[in-house]
Amino acid sequence: MSIDVANESGVPADEERLSRLARYVLDAMRVHPLAELSVVLVDEEPMTDLHVRWMDEPGPTDVLSFPMDELRPGGPGRTSDPGVLGDVIICPQVAARQAEQAGHSAQDEIDLLCTHGILHLLGYDHAEPEEHKEMFGIQGEILEGWRRSLDEVS
């Protein structure tokens, strides 16, 4: 599995942890081992540009996903097709503000946003109540498992 993590934000970040988290999410969703993913951390200005350009909404946002090959998760006993999953773009400054409001660490918020972005790449959405329930349920289960795996290593 090819996972590229680039920090273009100027904010210190644990790129290795993000790579391990992305691999954990992709494994949990049974994504083919030959799939490719890019995670990029950017400052507020480039995130604002992307948000305006692609979502037609003002200001920076926390995370954007840009799917490539429209891969879908695998199922019991099978993985997804191989291909390029796409790009997850995260803004650490927005994440830090949201983390403070939520009462958890900026790293926890970035983990959440990375997971959320990957789920979007896999076709999940939260526009409708049923979609929201499904996506956020899966997201919560994955993050809970991720945290348990970190505790086991410590």
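Reader: How many helices and strands are there in the protein, and in what order do the elements run from the N terminus on?
Author: The model is a predicted one, and the protein in it has five helices and four strands. Read from the N terminus on, these elements run β-α-β-α-β-β-α-α-α.

Reader: What is the radius of gyration of the protein, and what does the globule rule give for 154 residues?
Author: For 154 residues the globule rule gives 15 Å, and the protein comes close to that value, so it is as compact as a globular protein of that length. Along the principal axes, the C-alpha atoms fill a box of roughly 40 × 40 × 30 Å, and 41% of the 154 residues count as buried. The radius of gyration of the protein is 15 Å.

Reader: Which residue meets Arg17 in a salt bridge, and how far apart in sequence are the parts that the pair ties together?
Author: The side chain of Arg17 meets that of Asp111 in a salt bridge, with 2.4 Å from N to O. Arg17 belongs to helix H1 (residues 15-28) and Asp111 to helix H4 (residues 106-121), so the pair ties together parts that lie 94 residues apart in sequence.

Reader: Are Arg17 and Asp111 buried or exposed?
Author: Buried stands for under 20% relative accessible area, and this is the term to apply to the two partners of the bridge between Arg17 and Asp111. Arg17 is buried, and Asp111 is also buried.

Reader: Which helices does the salt bridge between Glu44 and Arg97 tie together?
Author: In this salt bridge the closest N and O atoms of Glu44 and Arg97 are 2.8 Å apart. Glu44 is partly exposed, at a relative accessible area of 27%, and Arg97 is partly exposed as well, at 43%.

Reader: How many salt bridges does the count come to?
Author: The pairs described above are Arg17 with Asp111, Glu44 with Arg97, and Arg148 with Glu144. The count comes to three salt bridges.

Reader: What relative accessible area does Pro12 have, and where is its place?
Author: The place of Pro12 is in the loop between strand E1 (2-7) and H1. Its C-alpha atom is separated by 10.0 Å from that of Leu41, which is 29 residues away along the chain. Exposed stands for over 50% relative accessible area, and Pro12 is exposed, with a relative accessible area of 79%.

Reader: What is phi of Arg30, and what is phi of Glu70?
Author: Arg30 is in the loop between H1 and strand E2 (36-41), where it counts as partly exposed at 38% relative accessibility. Glu70 is in the loop between strand E3 (63-67) and strand E4 (84-90), and it counts as exposed at 58% relative accessibility. Neither residue is a glycine, yet phi is positive in both, about 55° for Arg30 and near 50° for Glu70.

Reader: How far apart in space are Arg20 and Glu109?
Author: Arg20 has its place in helix H1 and is partly exposed, with a relative accessible area of 38%. In sequence, Arg20 and Glu109 are 89 residues apart, and in space, taken from C-alpha to C-alpha, the separation is 16 Å.

Notes. Residues numbered from 1 in each chain as written. Predicted model: local features only at pLDDT ≥ 70, side-chain atom pairs only at ≥ 80, totals over all residues. Heavy atoms only, no water. Helix = DSSP H or I, 4+ residues; strand = E, 2+ residues; numbered from the N terminus. Rg over C-alpha atoms; globule rule 2.2 N^0.38 Å. Buried < 20%, exposed > 50% of the residue type's maximum accessible area, 1.4 Å probe, protein only. Salt bridge = Lys/Arg side-chain N within 4 Å of Asp/Glu carboxyl O.
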